[in-house]
Amino acid sequence: MLALKNWDIDLIRSEKRTLLGFFSLYMILCLIILCFFTFIYYSFQKDLLLQEKRTELQNYTSDFTLRLKDLHINFDKYKYYPRDERYNSAIFDSDKKNIFSTLKSKEVDLKKVIYLTNDDKIHFITQPESYYLGTKYVVIEISQSRNWIEELSDFLFYFNGSIFIIMLIIGYFLLNILIKPMKDALYLLDRFIKDTTHELNTPVSTIVSNIEMINKDTLDEKLKKKINRIDIGAKTISNIYDDLTYLTLNNKIVSQNTNLDLSYILKQRLEYFKTLADVKKIVFIKDIDDNISIFIDEKKISKLIDNLLSNAIKYNKIEGFIKITLKKNSLIIEDSGKGMTKEELENLFIRYKRFDKTVGGFGIGLNIVSIIAKEYNLKVIFSSNVNKGTKVEIKWQD
């Protein structure tokens with residue numbers, strides 16, 4: 001992602017989701033591998049500990065069995081269950097019923113030979129050759145210090161942490177390899193747009209300036225219509241040129257924010273787009289309060305309005321209308337066009353995304369609107385109904 005930002009390239013939402021999904025899956029797999037390693041290593045260390053204690057417990061068991069045998073033979077004389085400070089013990093009959101016990105742990109698993117309990121005790125189970133006092137199972141219990149588990153936990157924490165960091169670095173490089181073709185394609189596209197806008201600068205400026213110098217009132221009706229068509233084409237090209245220039249140079253443009261008379265600017269832009277609207281016989285319905293001010297860069301607010309008006313004209317129907325309402329802290333532009341589906345509304349601001357291939361454009365207008373809105377904390381709210389029209393509301397705070 002960082003590499004793309006350094007190239008002034010934005011990923012569309014679906015591409016970001018794909019890359020995020022890949023990276024998330026990679027991290028989940030890394031965590032699964034680390035958890036599996038932790039489980040295997042813990043099991044190995046536990047088995048190693050039990051094996052180390054096994055000989056000691058076997059000696060305790062032999063000693064206890066001899067004392068149990070002595071008690072069995074001389075039961076009338078002693079009648080005292082064998083006890084030892086080194087370990088606790090218990091005896092069970094063939095039905096696995098407890099005959100007598102000094103164990104600290106309440107639960108005993110007679111199916112195992114040696115195991116570690118949840119309360120840090122080690123149980124060792126044997127079966128004597130003879131049933132002394134009816135004994136089928138002998139259980140020897142010793143306490144195990146928690147030092148080993150604490151040391152093991154510290155080791156696994158630092159080891160897994162180091163491995164996880166290494167995997168993150170590897171994942172970063174894998175992600176860069178994955179998105180390199182995408183970066184190259186987007187870079188070439190942006191490079192092409194920059195070169196195209198540079199070449200368009202002189203002819204577009206020449207056409208627009210010369211048309212503005214023509215006094216249409218002195219022309220006959222036939223020639224006036226031809227000039228109007230040229231004017232419409234020139235303004236369309238000029239608007240596209242401005243969009244492309246803003247898009248490619250946005251990061252290098254220094255905003256000159258001032259308190260602007262938005263009412264005046266909006267009326268100017270409506271006058272500019274009147275020729276384009278007249279071609280489709282679209283009527284502007286104006287409800288513009290005077291002296292509405294906003295603190296913003298003049299070129300950027302003009303560009304935002306231009307893109308909204310251009311779309312309202314482009315996607316409108318013949319003999320439709322565009323209602324423009326300007327109140328304090330609110331600008332609403334509503335058209336009678338073809339409208340949009342819910343899915344299209346969710347993807348409005350994606351760069352190069354076009355929903356209707358029958359009309360011109362590069363799919364960058366609303367992306368520019370989004371960029372400007374984010375810069376100035378403008379709230380942009382779109383609502384639309386298919387075949388009924390679209391409404392966009394811009395809200396801001398003083």
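Glutamate 393 is buried, with a relative accessible area of 16%; buried here means under 20% relative accessible area, exposed means over 50%, and partly exposed lies in between, with a 1.4 Å probe and protein chains only. The model is a predicted one, in which local features need pLDDT of at least 70 and side-chain atom pairs count only at pLDDT 80 or more, while totals for chains, interfaces and linings use all residues. Residues are numbered from 1 along each chain as its sequence is written, and side-chain values use heavy atoms, with hydrogens and water left out.

Glutamate 393 belongs to strand 12, residues 389-395. The side chain of glutamate 393 makes a polar contact with the side chain of serine 330, at 3.3 Å. A polar contact is a pair of N or O atoms within 3.5 Å; within protein, one atom must be able to donate a hydrogen and the other to accept it, and residues adjacent in sequence count only if both atoms are side-chain atoms.

Why is helix 8 described as largely enclosed by the rest of the structure? The reason is that eight of its 11 residues, in the run 365-375, are buried. Those buried residues are Gly365, Leu366, Asn367, Ile368, Val369, Ser370, Ile372 and Ala373. For asparagine 367, the relative accessible area is 10%. The C-alpha atom of asparagine 367 is separated by 9.7 Å from that of asparagine 307, a residue 60 positions away along the chain.

Just after helix 8 comes asparagine 377, with a positive phi of about 55 degrees. Asparagine 377 sits in the loop between helix 8 and strand 11, the latter being residues 379-385, and is exposed at a relative accessible area of 68%. Lysine 281 likewise has a positive phi, of about 55 degrees, although it is not a glycine. Its place is the loop between helix 5 (262-279) and strand 7 (283-288), where lysine 281 counts as exposed at 52% relative accessibility.

Now to the salt bridges. In general, side chains of opposite charge can pair when their charged atoms come close. The criterion applied here is a side-chain nitrogen of Lys or Arg within 4 Å of a carboxyl oxygen of Asp or Glu. How many salt bridges does the structure hold? There are 12.

One of them pairs aspartate 120 with arginine 146, the closest N and O atoms being 2.8 Å apart. Because aspartate 120 lies in the loop between strand 3 (114-116) and strand 4 (121-126), and arginine 146 in the loop between strand 5 (137-143) and helix 3, this pair ties together parts that are 26 residues apart in sequence. Aspartate 120 is buried, at 16%, whereas arginine 146 is partly exposed, at 43%.

Another joins lysine 267 to aspartate 290, with 3.1 Å between the closest N and O atoms. Lysine 267 lies in helix 5 and aspartate 290 in the loop between strand 7 and strand 8 (293-297), so the pair ties together parts that are 23 residues apart in sequence. Lysine 267 is partly exposed, with a relative accessible area of 41%.

Salt bridges that share partners also join Asp63, Arg67, Asp84 and Arg86 into one network. Arginine 86 counts as partly exposed at 45% relative accessibility.

Finally, the surface patches. Patches are made of residues with over 30% relative accessible area and no salt bridge, like charges being joined within 9 Å and nonpolar side chains (Val, Leu, Ile, Met, Phe, Trp, Tyr) within 5 Å. The nonpolar patch consists of Phe22, Ile166, Ile170, Leu174, Ile177 and Leu178, with about 530 Å² of accessible area together; areas come from the Shrake-Rupley method with a 1.4 Å probe, and for residues only the protein chains shown count as cover. Helix 3 (residues 147-213) supplies the largest share of this patch, five residues. Phenylalanine 22 is located in helix 2, residues 13-73, and is partly exposed at 31%.

A positive patch is formed by Lys222, Lys225, Lys226 and Arg229. Lys and Arg count as positive and Asp and Glu as negative, with His and the chain ends not counted; the place of a charge is NZ of Lys, CZ of Arg, CG of Asp or CD of Glu. Lysine 222 is in helix 4, residues 221-249, and counts as exposed at 62% relative accessibility.

Definitions and conventions
Helix = DSSP H or I, 4+ residues; strand = E, 2+ residues; numbered from the N terminus.
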